[in-house]
Amino acid sequence: MEPMVEDLAREARQFLSRVDSSIALEDFRIAYLGKKSKLNGLMEHLKTLQGEERRLFGIAANALKKELEAAFEEKKSSLGTERPVSRPGFDPTLAGVRPSLGRIHPITQTIQEISGIFRRLGFERVDGPEIETEFYNFTALNIPLDHPSRDGFDTFYTSSGQLLRSQTSTVQIRVMQARKPPLRIIAPGRVYRPDAVDASHSFMFHQIEGLMVDESVTFSDLKGILHLFLRELFGADTKIRFRPHFFPFTEPSVEVDIRWAQKGWLEILGAGAVHPNVFKAVGYDPKSVQGFAFGLGVERIAMLRHGIPDIRLFYENDMRFLEQF
Ligand code: DAH
């Protein structure tokens with residue numbers, strides 16, 4: 001056969017063998033049989049030939065034309081009988097693939113659980129902003145101007161003189177400014193401190209603040225509420241210790257420890273009776289109201305309860321970690 005004709009024959013047969021839809025078949029028709037097709041190109045070439053050469057080329061080209069037309073018709077009728085949804089490997093009777101559902105992050109789970117306990121004790125959950133002023137983060141909380149926590153090494157300041165709150169105690173002030181006693185609130189949320197990141201420190205972590213204010217709220221109310229809370233969270237036989245401490249915004253102040261099997265006493269939260277200066281800062285009369293406040297670190301509690309050794313695991317979005325909760 002003529003080499004030019006033979007090349008085209010090989011190409012066309014190969015193309016047709018891969019045709020599996022009527023769209024692909026139309027592509028084939030246009031490329032090999034239509035007016036501007038390669039076969040027509042051969043016929044144009046034929047016109048330039050003479051004598052015996054022309055005769056032989058004509059025979060070969062016409063034979064190919066017949067072959068391709070017949071193959072086209074055959075393919076066309078075989079595609080016509082195709083079942084509409086017969087994609088290879090698709091079985092409509094099989095059950096579908098279930099899309100994977102996300103789950104609640106262990107920090108959020110811990111916040112929800114703690115909020116649930118306090119909700120049953122009559123505490124309402126509230127939010128406050130993460131970008132704050134010195135007034136809400138320090139001044140109104142009776143933190144003096146020369147206190148080290150105000151330093152740029154301990155608090156992130158913005159260039160406009162605001163700051164990223166370093167504690168959720170800010171929300172105490174916002175709630176007291178906006179409402180009148182009686183108050184029973186908890187405020188979970190993120191706080192920020194420029195700490196070097198290691199297994200137990202992060203520049204961002206979560207706290208839950210609590211505040212109760214009424215005409216008569218005593219330190220024994222604080223003890224009772226915290227006992228109930230910690231036994232609900234860690235188990236009914238949990239041993240709890242109140243240790244004297246200092247916070248500028250409470251007086252007297254305590255740190256509260258729980259007894260942990262291998263590790264002995266572990267500090268779990270800070271608390272105290274709301275300082276009169278804090279009441280004054282929000283326009284309450286310290287002679288006619290009393291209150292208590294507390295603050296705890298969420299990561300710390302989640303790590304203890306689940307035996308998580310490194311705080312960074314919470315923030316890495318590693319599915320192998322997150323899927324365990
Ligand atoms: N704001 C304190 C901290 O970040 C925690 C705290 C301690 C909050 C005592 C309180 C409190 O409300 O009474 O370390």
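Me: Which elements do the buried residues of H7 pack against?

Reply: The buried residues of H7 pack against strand E2 (131–132), helix H6 (134–137), E4, E5, helix H9 (276–281) and E9. The model is a predicted one. Helix H7 covers residues 170–178, and its buried residues are Thr170, Val171, Gln172, Ile173, Val175 and Met176.

Me: How do you know that the span of helix H1 agrees with what a helix should have?

Reply: Helix H1 consists of 15 residues, 3–17. The expected span is 1.5 Å times one less than the number of residues, so H1 should span 21 Å. The end C-alpha atoms of H1 are 21 Å apart, and the two values therefore agree.

Me: What makes the buried residues of H1 line one face of the helix?

Reply: The residues in question are Val5, Leu8, Ala9, Ala12 and Leu16, which are buried in H1. Seen down the axis of H1, these buried residues fall within an arc of 105°, and therefore they line one face of the helix. The face turned away from the buried side carries the exposed residues Pro3 and Ser17. Helix H2 (22–32), helix H3 (38–46) and helix H4 (51–80) are included in what covers the buried residues of H1.

Me: Why is Ala24 called buried?

Reply: Ala24 is found in helix H2. Its relative accessible area is 17%, and buried means under 20%; Ala24 is therefore buried. Leaving aside neighbours within four places in sequence, Ala24 is in contact with Phe15 and Val19.

Me: Where does the largest share of the lining of the largest pocket come from?

Reply: The largest pocket has a volume of about 1200 Å³. Its lining is made by 46 residues, and Arg193, Phe205, Gln207, Glu267 and Gly297 lie nearest its centre. Two or more lining residues come from each of strand E5 (204–214), strand E6 (240–247), strand E7 (250–260), strand E8 (264–274), strand E9 (290–297) and helix H10 (298–306). The largest share, six residues, is that of E8. By class, the lining holds 21 nonpolar, 16 polar and nine charged residues.

Me: Which element gives the most to the lining of the second largest pocket?

Reply: This pocket has a volume of about 220 Å³. It is lined by 16 residues, and Ile107, Thr108, Ile111, Arg190 and His206 are the closest to its centre. Helix H5 (106–120) and strand E4 (183–192) each supply at least two residues of the lining. H5 gives the most, with four residues. The lining divides into five nonpolar, six polar and five charged residues.

Me: What is the omega of the peptide bond from Pro181 to Pro182?

Reply: Omega is near 5°, and the bond is cis. Pro182 lies in the loop between H7 and E4. A cis peptide bond also joins Glu251 and Pro252, with omega about 0°. The place of Pro252 is in strand E7. Most peptide bonds are trans.

Me: What is the phi of Asn142, and what is that of Asn317?

Reply: Phi is positive at Asn142, about 65°, although the residue is not a glycine. Asn317, likewise not a glycine, has a positive phi of about 55°. Most residues other than glycine have a negative phi.

Terms used: Residues numbered from 1 in each chain as written. Predicted model: local features only at pLDDT ≥ 70, side-chain atom pairs only at ≥ 80, totals over all residues. Heavy atoms only, no water. Buried < 20%, exposed > 50% of the residue type's maximum accessible area, 1.4 Å probe, protein only. Arc of directions from axis to C-beta. Contact = heavy atoms within 4.5 Å. 1 Å grid on protein atoms, 1.4 Å probe; cavity = no way out; pocket = protein on both sides within 12 Å on 5 of 7 lines; lining within 4 Å. Points joined across faces, edges and corners; volume = space filled by probe spheres on them. Nonpolar A, V, L, I, M, F, W, Y, C, P; charged D, E, K, R; others polar.
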